[in-house]
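Subject: Handing over a structure, with notes

Dear colleague,

I am passing this structure on to you, and the notes that follow it are meant for someone opening it without any background. Please read them with the structure in view.

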Amino acid sequence: MINSRQNYLNAKRFAADLALEHIIPHNVCFYLIPPIVDLTIEDFEKLALERLKMLRLLEQVAAKNPKATPEAWREAVLAEVNHDGLRMYAKLFRGNINDDATKMARRRDYLSHFILRFAYCRSEELRRWFVAREMELFRLKFSALSARDIKEFLEVYELDYSPLADAEKAEISEQLCMSTANQTRLKMETSDFYAVHFTEVLNLVRDRKCFLKGGKAYIPPESFVHVVARKHQQLIEDGLKAHLRMLPTLEIDERFSMLLKSIHTSYTGKNYTVSKTDSVPIESIDQLSKKSFPLCMRHIHDTLRATHHIKHTGRMQYTLFLKAIGVTMDDCVRFWREELTRGKIPIEKFEKEYAYNIRHNYGKEGSRVNYSPFSCMKVITQAIGPADTHGCPFKNLDASALKIKLAGYGLSALDCDEVAGYAAKGHYQIACGKYFETLHETKLEEGINHPNQYFELSQLTMEGRSTTERSRGRAPQQQNPRWTGGSQTTSQAHHESSFLGDSSTLNGAGDDQELWEIMETKDKESEAIGLESISSVSNNKQQVPVTKGNTKASPAKLTTKDWDDEDFDLLELNE
């Protein structure tokens, strides 16, 4: 019986793959027909997070280089794609090649697009973000097409456009050359130009980037993407509306409901759930916080040192961060005991309630969930109230307060304005990256997506700088010892890319209410403690890397640990 079912499923999947191959015969596609395939929930989630990582990458590149030329933008995106190991998408950016690897990439691209439609159809804000990112992805794929590939694309989707005949092009060659930027006569003669109704390219008409005659706009191949993209955008917007109508049917299953609602805030980078080697002594935290802590964690640390109290969510955010950088549980308990008992928390109350919560965060109490440290997206989306210290300072502080804080940390007025400018536009992670670059006097090659990534990059940057100084024969400045369980070691610079969600949101962590219930009354008792303003005192000691040894985060199966490995048939959504 089991063999019969498996044979049936294999045959069904084979038929579905053949159908998909006919639906998507080209690297650039319009996503017209919803796919009918069987997917496990694990594959469903993995495809969604993989595409989400690609779309976030496009957003970050666009925000970093708002005035870049199309060529410079494409080069920047491809560099980030290669750096992040998105090999599947890289195959779609090299023209319309029909090998097996590219066909598999098309399949993943097609399926993941429809999965994310369900996640991003639920609000106007999400729909706008998704459409903007999908259009950037479309333009990136289209820009890699040759003239032959474009012709094949037009034939596949039966679009009634064809290049100008040589005779017609020769008649208006002078005007074409004058109206097209960076177009030499030789290049113009060898390129295909298209004639379209001027209303299809109003943006090119407005910017005077095409030749107009008789109601037609004559555009070069690099601008032809505007014509096709306009149709593609309309199809996506209509598709999102259709998916919104189907959403209630899909969300009857709570597994999908939870997954789809959490996708937009999911973390898609390296897994920092656990540090296998305890390497950071608690005594070094003050020194490390000045350079290796992101602003969100430095803000919590400084507030704690000044007031000897922070609320529960701030404690949880900071404790998980300390756990992931390598602070042992015993050191963490000692650290919190010393700080909180200096305030208004009696030692008996600390041992009974607060110490339990710390052990709970380390997975040693209660349901023993291995909580993940907060990712940037989770930090940014946390709700905050009066006297709260958690969350993202780039989002939560107004421009003047942010500039004062940055100036107190040693940034120049010019740097403060630049960082605050990105924050004011909503680019909080890019603002964090600029903050990193200013403090470390270096250029980041990747975006900041996780507080623990910031710490890791800081340590690697300073370790590399120390190595360079020693190789030049200069006497290194006084350094703190690099610890790995009490012995000196060198750091291992190994970056793993995994398409894992943030387990603090996807791994059922919210289901364990034990920790939150204990803290509910405790925070009310401590509400009266006011926060004092914090001023940073500059310290001239050179920051020194504190590196972990051979630490490699063990991948966890997120969101699916309690789910049956059953098939998901998209055909049901069309019934």
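This is a predicted model: local features need pLDDT of at least 70, side-chain atom pairs count only at pLDDT 80 or more; totals for chains, interfaces and linings use all residues.

Residues are numbered from 1 along each chain as its sequence is written, and side-chain values use heavy atoms, with hydrogens and water left out. Helices (H or I, at least four residues) and strands (E, at least two) are DSSP runs, numbered from the N terminus.

To stay with H15 for a moment, 11 of its 13 residues are buried, so that the helix is mostly covered. In these notes buried means under 20% relative accessible area, exposed means over 50%, and partly exposed lies in between (1.4 Å probe, protein chains only). Among the buried residues of H15 are Leu295, Cys296, Met297 and Arg298. The residue that follows H15 is His308, whose phi is positive, near 60°.

Turning to the strands, there is an open sheet of 3 strands in the order S2-S4-S3, with antiparallel pairing; two strands are taken to pair if DSSP finds at least two bridges between them. Strand S2 (194–197) and strand S3 (211–213) are the edge strands, each pairing on one side only. S2 is joined to strand S4 (residues 216–219) by 4 bridges, and the two run antiparallel. Across this pair, Val196 stands opposite Ala217, and His197 stands opposite Lys216.

The next topic is charge pairing. Side chains of opposite charge can pair when their charged atoms come close. A salt bridge here is a side-chain nitrogen of Lys or Arg within 4 Å of a carboxyl oxygen of Asp or Glu, and a search of the whole structure finds 24 of them. One of them joins Arg133 and Glu136 (3.1 Å, N to O), which lie 3 residues apart in helix H6 (residues 124–142) and are therefore separated by about one helical turn; both Arg133 and Glu136 are buried. In another, the closest N and O atoms of Glu152 and Arg148 are 3.6 Å apart, and these residues are 4 apart in helix H7 (residues 147–156), again about one helical turn. Here Glu152 is partly exposed, with a relative accessible area of 26%, while Arg148 is exposed, at 63%. Glu339 also forms a salt bridge, with Arg342, at 3.4 Å between the closest N and O atoms; Glu339 counts as buried because its relative accessibility is 0%, whereas Arg342 is exposed at 54%. Salt bridges that share partners also join Arg51, Asp109, Glu134 and Lys141 into one network.

With best wishes
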